[in-house]
Amino acid sequence: MFEGFREVQVDVGEASAFVRYGGEGPPVVLLHGHPRTSATWHRVAPRLVAAGHTVVCPDLRGYGRSRGPRFTADHEGYSKRAVAGDVVAVMRHLGHRRFALVGHDRGGSVALRLSLDHPEAVSRVAFLDCLPLTEHLSRITTEFATQWWHWFFYAQQDIPERVITADPDSWYRGEPDVMGPENYEEWRQATRDPDVVRAMLEDYRAGLTVDRRHEGADRAVGARIACPTLVLWSLRDDLEDLHGDPVAIWRRWATDVRGHGCTR
């Protein structure tokens with residue numbers, strides 16, 4: 001995977017970020033989702049390099065080989081604001097003050113926070129299979145609670161750690177033929193690490209507490225993403241079925257939005 005890419009561990013203060021980067025040209029940052037690592041981009045990143053970009057793929061704070069601070073009751077150390085700060089610090093370490101940004105799933109929540117907190121750093125942003133956390137939470141239905149129950153399970157204290165680490169392979173059920181063998185092995189190693197599992201759960205705990213408050217404050221003052229915004233979602237998943245047109249929802253958060261559902 002990632003032929004021609006470099007790997008580096010970047011000290012970002014209270015955390016340490018594992019980063020893959022390669023290529024030359026305008027920079028683009030790819031942020032993965034749960035329970036992935038930066039290896040999830042192993043098929044996409046080389047294509048972007050071939051198209052003339054510098055491509056940067058970090059492991060989110062606490063995921064994969066990145067490490068975060070100690071866990072606290074307020075979950076602040078794993079808030080999207082904290083993780084967005086990691087990404088800015090990584091890019092400055094690599095010599096980039098402004099970059100394009102792509103976020104998938106939980107990485108999309110980080111991309112939203114980064115775009116609002118550091119607008120000078122983001123030239124354009126793409127959100128893949130995600131909405132702002134508060135948009136999900138304001139639309140809770142029986143169907144959402146049934147299909148996205150893991151959000152609320154992961155937010156519980158102590159119990160999910162014990163359940164998941166008892167048999168992580170059965171819990172996460174990765175498919176090497178689909179994921180690619182090297183990506184699968186890296187993902188499997190990460191999900192079998194109790195510290196990584198705890199950090200990934202802290203991501204969800206922050207989502208329902210501190211991140212929710214941050215997004216609520218944004219809505220109260222009418223904060224919006226100013227740069228061009230692309231929204232893509234899988235038509236094989238349930239995002240549109242549960243919430244309606246994602247583009248219409250994102251237009252509450254950004255001034256220049258386009259997008260569509262995808263079959264692949």
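In strand β4 (residues 54–58), V56 is the bridge partner of V29, a residue of strand β3 (residues 27–31). β3 and β4 run parallel and are joined by 3 bridges; strands count as paired if DSSP finds at least two bridges between them. Strands here are DSSP runs of E with at least two residues, helices are runs of H or I with at least four, and both are numbered from the N terminus. A word on the source: this is a predicted model, in which local features need pLDDT of at least 70 and side-chain atom pairs count only at pLDDT 80 or more, while totals for chains, interfaces and linings use all residues. Residues are numbered from 1 along each chain as its sequence is written, and side-chain values use heavy atoms, with hydrogens and water left out.

Stay with β3 for a moment. In a regular strand the side chains alternate between the two faces of the sheet. In β3, P27, V29 and L31 point one way while V28 and L30 point the other, and all are buried (buried is under 20% relative accessible area, exposed over 50% and partly exposed in between, with a 1.4 Å probe and protein chains only). Because 5 of its 5 residues are buried, β3 is largely enclosed by the rest of the structure.

On to β2 (residues 16–22), which is mostly covered too, with 5 of its 7 residues buried. β2 pairs with β4 in the antiparallel sense over 4 bridges, and G22 has V55 in β4 as its bridge partner. β2 also pairs with β1 (residues 6–11), again antiparallel, over 6 bridges. There, Q9 stands opposite F18 in β2. The hairpin of β1 and β2 has 4 residues between the strands, and G13 takes a positive phi near 100° in it.

The largest nonpolar core has 59 residues, and L101 and W250 have the most contacts inside it. (A nonpolar core is a set of buried Ala, Val, Leu, Ile, Met, Phe, Trp, Tyr and Cys residues joined through side-chain atoms within 4.5 Å.) Helix α2 (residues 80–93) gives the largest share of this core, 6 residues. A second, separate core of 13 residues includes V28, L30, A45 and C57. As for L101, among the residues it touches are V29 and L31, along with L114 and V125; contact means heavy atoms within 4.5 Å.

How do the helices pack? The axes of α2 and α3 (residues 106–117) come within 8 Å and cross at roughly 75°. Axes are lines fitted to C-alpha atoms, for helices over the stretch in contact, with angles from 0 to 180 degrees between N-to-C directions. α2 and α3 are therefore roughly perpendicular to each other; that label covers 65 to 115 degrees, with under 35 roughly parallel, over 145 roughly antiparallel and the rest oblique. Residues making the contact include V83 and V87 of α2 and V110 and L114 of α3. Helices α11 and α12 (residues 210–221) pack at about 40°, their axes 4 Å apart, and are therefore oblique to each other.

Definitions and conventions
Lists of a residue's contacts leave out its neighbours within four places in sequence.
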